[in-house]
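These are my notebook entries on a structure that I am reading for the first time. I set down what I looked up, in the order in which I looked.

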Amino acid sequence: MTMTDCASCADERAAGAAFCEVCGRSLAPEPACPHCGTPGGVGTDGYCENCGMLAGRERDHLETDCGEVAAAVTDRGLRHHRNEDAMWLATRGRDVDVVISDGVSSSFDPDVASLTAVSSSGEALGEGVDLATAIGAAQVSVAKLAAEGDPRRQASNPACTIVAATVRGDSVTVGWIGDSRAYWVPEEGVAEQLTEDDSWATHVISLGADPEQAMRDPKAHAITAWLGADAGSIAPRTAEFVVGDPGHLVLCSDGLWNYLTDAAAFAAAVREGLREQGTLISAARWLADYANTAGGADNITVALVPITPLGITPLGGEQE
């Protein structure tokens with residue numbers, strides 16, 4: 001519902017106040033509908049109350065900028081009507097917790113599932129639990145959604161993937177369920193995929209199928225493990241490593257890596273974004289734009305975390 005000014009709003013606005021002290025209304029300029037131009041006409045559901053067109057939602061594009069420590073961007077892309085990806089990024093000094101989740105579009109409320117997954121796991125990591133336990137907390141929270149809210153969730157349980165990482169100094173732990181990925185991108189050379197997709201293609205390739213034929217199959221990207229009430233008993237897979245040379249940890253949803261399936265191409269794109277943009281947040285934004293320019297067929301989420309081995313001074317700062 002569009003709010004109207006009270007008798008005091010004009011005076012409060014003229015005085016430069018952010019809120020009206022009488023009615024409590026925000027006095028910040030309200031965005032106009034991009035379709036009809038009506039100021040303040042966009043409702044909380046993202047639709048214009050004047051022309052009825054979808055003007056945009058808060059989750060269409062979000063950024064988290066932690067300066068030189070980490071950055072993340074999520075974007076709706078060009079083909080989907082909403083962003084079903086979600087992300088969590090928290091830093092404490094140079095320690096980093098990062099989580100990305102991709103809602104399963106064929107389920108009901110996949111956007112709720114992904115947001116629940118990153119919130120549950122991110123909060124658990126903030127409480128000091130290990131990564132596998134944090135992902136387990138997300139599994140429980142997402143599974144509970146089927147019995148809550150809209151009854152249609154019982155017929156098509158909300159579902160999502162998850163990939164998460166913790167960075168403690170030069171020690172990295174990654175964990176995942178589904179096909180959202182983590183990569184290590186060194187300063188030179190090809191990227192190393194740190195996760196293994198829980199997908200039909202990965203499964204049949206492990207059984208001896210030809211990789212090129214498997215990836216061309218319509219079932220190639222069908223996931224074989226996910227978070228949700230119908231997922232069964234799935235244990236997250238985890239991996240740990242200590243960084244030997246400077247580089248970047250990159251987490252992303254398939255909205256990005258589907259356009260950069262070659263490890264060398266993935267590394268080249270990340271390094272180009274970092275080199276041309278100069279900051280982590282600008283590079284993350286550049287990578288999201290790269291996916292949109294390539295077609296934007298899916299939601300896009302990417303997080304960048306630079307890591308330098310202990311004892312080596314990182315660029316632009318002192319070693320802690």
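**Entry 1: the sheet**

I began with the strand order and found an open sheet of six strands, arranged β1-β2-β11-β10-β7-β8 with antiparallel pairing. I then looked for the edge strands, which are β1 (61–65) and β8 (192–193), each pairing on one side only. I note here that the model is a predicted one.

**Entry 2: the whole protein**

I next took the totals. The protein has 320 residues, and buried residues make up 46% of them. Its secondary structure comes to nine helices and 11 strands. I also looked up the contacts with a separation of 6 or more, and 60% of these are between residues 24 or more positions apart.

I listed the partners in β8: Tyr183 is bridged to Gln193, and Trp184 is bridged to Glu192. The two strands form a hairpin with five residues between them. In the turn I found Gly189, which has a positive phi of about 95°.

I then turned to β10. Six bridges join β10 to β7, and the two run antiparallel.

Are the residues of β7 buried or exposed? I found that six of its six residues are buried, and I record the strand as mostly covered. I checked the two faces separately. Arg181, Tyr183 and Val185 lie on one side, Ala182, Trp184 and Pro186 lie on the other, and all are buried.

**Entry 3: helices across the sheet**

Helix α8 (residues 263–277) lies across β7, β10 (247–252) and β11 (300–307), and it runs at about 70° to β7. Helix α9 (residues 280–293) lies across β1, β2 (71–75), β10 and β11, and its angle to β11 is about 145°.

I then examined how the two helices meet. The axes of α8 and α9 come within 8 Å and cross at roughly 130°. I therefore describe α8 as oblique to α9. Their crossing is right-handed.

Which residues of α8 and α9 meet? From α8 I listed Ala269, Val270, Glu272, Gly273, Leu274, Glu276 and Gln277, which meet Leu280, Ser282, Ala283, Trp286 and Leu287 in α9. I sorted the residues of this contact into seven nonpolar, three polar and two charged.

I moved on to a second pair of helices. Two packed helices are described by the angle between their axes and the distance between the axes. For α2 and helix α3 (residues 131–144), I noted an angle of about 145° and axes 8 Å apart. The crossing of α2 and α3 is right-handed. On the α2 side the contact is made by Ala113, Thr116, Ala117, Ser120, Ser121, Ala124 and Leu125. On the α3 side I found Leu131, Ala134, Ile135, Ala137, Ala138, Ser141 and Val142. I sorted the residues of the contact of α2 with α3 into 10 nonpolar, four polar and no charged.

Leaving aside neighbours within four places in sequence, I found Thr116 in contact with Ser141, Val142 and Leu145.

**Entry 4: Thr91**

My last entry concerns Thr91, which lies in strand β3 (residues 85–92). I record Thr91 as partly exposed because its relative accessibility is 30%. Not counting residues up to four places away in sequence, Thr91 touches Cys66, Val69, Ala70 and Val96. I also looked up the separation between Thr91 and Gly126. The two are 35 residues apart in sequence, and their C-alpha atoms are 9.5 Å apart in space.

Key
Residues numbered from 1 in each chain as written. Predicted model: local features only at pLDDT ≥ 70, side-chain atom pairs only at ≥ 80, totals over all residues. Heavy atoms only, no water. Pairing = 2+ DSSP bridges. Helix = DSSP H or I, 4+ residues; strand = E, 2+ residues; numbered from the N terminus. Contact = heavy atoms within 4.5 Å. Axes fitted to C-alpha atoms, helices over the stretch in contact; angles between N-to-C directions. Parallel < 35°, antiparallel > 145°, perpendicular 65-115°, else oblique. Left-handed = near helix turned anticlockwise from the far one by under 90°. Nonpolar A, V, L, I, M, F, W, Y, C, P; charged D, E, K, R; others polar. Buried < 20%, exposed > 50% of the residue type's maximum accessible area, 1.4 Å probe, protein only.
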